[in-house]
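Please keep the sequence and the model open while reading.

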Amino acid sequence: MKWDALIIGGGHNGLTAAAYLARSGLSVAVLERRHLIGGAAVTEEIIPGFKFSRCSYLQSLLRPTIISELDLGRHGLKLLKRNPSSFTPLLDGRYLLLGPDSALNHSQISKFSTRDADAYQRYETQLLKFCEFMDSLLDSPPPETLREIPSLTDSMKDKLKKSVFWARCLRQALSLGQRDMVDFMDLLVSPASKVLNNWFETDVLKATLATDAVIGTTVHFQTSCQSEYISVSSLFFCSILS
């Protein structure tokens, strides 16, 4: 049998690509060497009686458009929010518990610093603003470069399409305001330690928030020097829709 498309690997990315191709009317084959599909987004009983997520630490990077377009709810998808979202124990018996309850978060952080407790809500508000700024960009296909020499009509259509895309980006950037745009760029390019030090004074809170920023820092092509700078973008992107 001949296939229109062949997907090597039945992980969550491969399955998403295959679903969209099949949705467009193509015949698709997915090849997976393991005994189950799903890749990082699976739960397995690694130790008898105990189930673990293989690698999928957050659902936040699963775009809502994918959920709706592929009608995943009808196919059994159910999202469970983390509550609480983090627990950080200390050697002296104290702990920091954070979750979706803002009052609880303020109370918990106040055990270590009232200044940080007040700053945390402003920190989350700013991150949410940045997430809303990025949302439409993440779901928008970027303009492509034409490989062949187009006709004058096609060339004008391509330029108009790109102009609309970049004009929307500029409009969204201007909506943030100068101060927030500076903070946004700082968040993307600065070390996670610098960003968190600018906001907070308590090590236990900074350590808890920095866990999202260290994801990906042990990838083989990153040096230990590079990773501190690269990781901060994860601090932001892991916050999107989480």
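Buried means under 20% relative accessible area, exposed means over 50%, and partly exposed lies in between, with a 1.4 Å probe and protein chains only. The model is predicted: local features need pLDDT of at least 70, side-chain atom pairs count only at pLDDT 80 or more, and totals for chains, interfaces and linings use all residues. Residues are numbered from 1 along each chain as its sequence is written, and side-chain values use heavy atoms, with hydrogens and water left out.

**Leu98**
- Leu98 is buried, at a relative accessible area of 3%, and belongs to strand 6 (residues 95-98).
- Strands (E, at least two residues) and helices (H or I, at least four) are DSSP runs numbered from the N terminus.
- Leaving out residues up to four places away in sequence, Leu98 touches Pro84, Ser85, Ser86, Asn105, Ile109, Tyr120, Leu205 and Thr208; contact means heavy atoms within 4.5 Å.
- Phe87 is eleven residues from Leu98 in sequence, with 6.7 Å between their C-alpha atoms.

**Helix 3 and helix 4**
- The axes of helix 3 (residues 102-110) and helix 4 (residues 114-138) come within 7 Å and cross at roughly 150°.
- Axes are lines fitted to C-alpha atoms, for helices over the stretch in contact, and angles run from 0 to 180 degrees between N-to-C directions.
- Helix 3 contributes Ser102, Asn105, His106, Ile109 and Ser110 to the contact, and helix 4 contributes Thr114, Asp116, Ala117, Asp118, Tyr120 and Gln121.

**Asp71**
- Asp71 lies in the loop between helix 2 (64-69) and strand 5 (86-89).
- Asp71 is partly exposed, at a relative accessible area of 33%.
- Asp71 is a residue other than glycine with a positive phi, near 50°.
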